[in-house]
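Please read the points alongside the sequence and the coordinates.

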Amino acid sequence: MRQNPLRFLTSGWPLRCWAFLLGGLLFGLVVLVSLAAMIVFGVLFSVVGVGLVVLTAITVFGLPVAGMERRRLRLVEPVPLPDPHSSLAGVGARAWLRTRLRERATWRELGYAVILGLFFTGANAGLVALLGMSLMLLATPVVVWALAPETVMIIPGEAIPGPAAAMPFSAVGLIGLVLSAYGAGLLATVQVKTALLLLSPRDEPSRSRVIELTRSRIRLADAFEAERRRIERDLHDGAQQQLVALTMTLGLAEMEMREGGSPASELVSRARREARQALDELRRLVRGIYPQVLTDHGLAAAVAEVALGHPLPVTVDIDLPHRLPGMVETTAYFTVTEALTNAAKHSGASQVAVVGRYRNDRLILLITDDGHGGADPAGGTGLSGLADRMAILKGRLVVSSPNGGPTQLRVEVPCSG
């Protein structure tokens with residue numbers, strides 16, 4: 001919207017923002033009324049014990065609110081927000097409550113529920129009212145024509161004589177509609193930013209961090225990348241050039257032998273074909289070690305090139321504001337390629353989607369396939385290796401693969417130390 005305001009008006013985003021805010025108004029009213037009722041009921045009946053249970057329930061009231069908001073945000077936010085809570089399947093109610101109260105995400109979600117009920121509900125109501133009034137003014141000529149000869153008044157005491165006289169009100173309604181579109185986009189952006197701040201997973205600070213171990217791990221990763229690039233350069237400049245020269249020499253020898261009618265020409269011809277095959281294999285190996293397009297054009301172009309040669313249809317939607325650090329791009333690239341390889345070998349999928357965004361100084365990648373699911377990191381599919389690669393940069397890999405599919409890998413890589 002900031003880059004091209006006119007294009008925003010002609011796109012589908014105003015409708016999505018209006019729908020998001022209208023849903024937020026209705027949901028916010030439910031949250032506000034429910035929260036107020038629980039507080040009043042809890043205070044009034046606290047003396048008999050029932051109220052204490054209700055007041056305790058308020059502390060986890062933000063969990064279902066946050067769950068609904070994560071689903072609603074998909075209207076205006078393409079990257080879904082994952083659940084920051086740990087899985088507690090099979091535990092009792094007391095253990096579940098005790099664990100949830102210890103998680104900081106629970107209190108952030110309660111804060112978001114309060115902000116939604118008190119602030120966003122009022123703001124959404126104002127935008128929805130502006131939208132409704134603008135639509136009414138825009139339709140004034142039609143209303144005047146449809147109700148004629150009944151009297152229609154927008155300004156008290158001043159009747160509108162006919163549809164032509166109502167055109168100024170339509171102009172005001174059109175201006176209000178434009179303002180409500182931009183206002184809805186701005187308010188939706190504020191709500192998305194707030195949700196990202198309060199509802200997204202965070203790396204909780206540990207009580208003790210072994211700083212030198214982290215630094216040595218990063219140094220080891222840097223040394224590994226440098227060695228890999230050296231191997232790629234040596235293969236490209238050394239063995240590959242020698243194979244090219246060998247192929248040319250065998251070609252010349254084949255020509256000489258055929259002219260002389262030597263029976264060994266067939267052997268030389270076969271040797272030349274095998275040398276060409278070895279050269280092709282070496283070129284594929286070099287590209288697999290470190291693709292040149294990643295160095296020259298960045299992550300989006302490199303993943304798009306991989307998608308073109310993948311056996312499954314792959315859609316790539318990677319939108320980054322700038323080039324990322326080399327280690328981040330390299331780690332993200334090989335994570336995507338490994339995920340695509342797994343999808344082709346194990347998932348039984350018919351298509352794969354790769355989405356990449358830059359959020360809060362982190363690269364977020366979503367690799368989703370429509371296969372049968374059931375991916376297990378312990379099953380030898382390379383997922384544990386991907387998680388280890390993420391750990392080097394203090395990133396995270398979240399795998400969602402229920403039986404029946406789909407399978408989604410969410411990759412988060414910090415772009416700064």
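**Note on selected local features**

1. Glu-329 lies in helix α13, which spans residues 326-347; helices (H or I, at least four residues) and strands (E, at least two) are DSSP runs, numbered from the N terminus. The model is a predicted one, in which local features need pLDDT of at least 70 and side-chain atom pairs count only at pLDDT 80 or more, while totals for chains, interfaces and linings use all residues. Residues are numbered from 1 along each chain as its sequence is written, and side-chain values use heavy atoms, with hydrogens and water left out.

2. The relative accessibility of Glu-329 is 4%, so this residue counts as buried (buried means under 20% relative accessible area, exposed over 50%, partly exposed in between, with a 1.4 Å probe and protein chains only). Leaving aside neighbours within four places in sequence, Glu-329 is in contact with Leu-294, Gly-298, Leu-299, Arg-323 and Leu-324, where contact means heavy atoms within 4.5 Å.

3. Arg-323 is partly exposed, with a relative accessible area of 42%, whereas Glu-329 is buried. Elsewhere, salt bridges with shared partners join Arg-362, Arg-410 and Glu-412 into one network.

4. The whole structure contains 8 salt bridges. Among them is the pair Glu-69 and Arg-72, with the closest N and O atoms 2.7 Å apart. Both residues belong to helix α4 (residues 62-72); they are 3 residues apart and therefore separated by about one helical turn. Glu-69 is buried at 0% relative accessible area, and Arg-72 is buried at 12%.

5. A further salt bridge links Glu-103 and Arg-100, with 3.1 Å between the closest N and O atoms. Glu-103 is buried, with a relative accessible area of 15%; Arg-100, at 7%, also counts as buried.

6. The second largest pocket holds about 370 Å³ of space. Of its 18 lining residues, Ser-200, Pro-201, Arg-202, Asn-360 and Arg-362 are the closest to its centre. On a 1 Å grid over the protein atoms alone, a pocket is an open set of points where a 1.4 Å probe fits, with protein on both sides within 12 Å along at least five of seven lines; lining residues have an atom within 4 Å of a point. Grid points are joined across faces, edges and corners, and the volume is the space filled by probe spheres set on the points.

7. Helix α8 (167-199) and strands β5 (362-369) and β7 (407-414) each supply at least two residues of this lining. By class, the lining of the second largest pocket has 8 nonpolar, 2 polar and 8 charged residues (Ala, Val, Leu, Ile, Met, Phe, Trp, Tyr, Cys and Pro count as nonpolar, Asp, Glu, Lys and Arg as charged, and the others, Gly among them, as polar).

8. Pro-82 is placed in the loop between α4 and α5 (93-102) and is buried, at 15% relative accessible area. Pro-82 and Arg-410 are 328 residues apart in sequence, yet 8.7 Å apart in space, C-alpha to C-alpha. Not counting residues up to four places away in sequence, Pro-82 touches Arg-70, Leu-199, Pro-201, Arg-410 and Glu-412.

Methods: A salt bridge is a side-chain nitrogen of Lys or Arg within 4 Å of a carboxyl oxygen of Asp or Glu.
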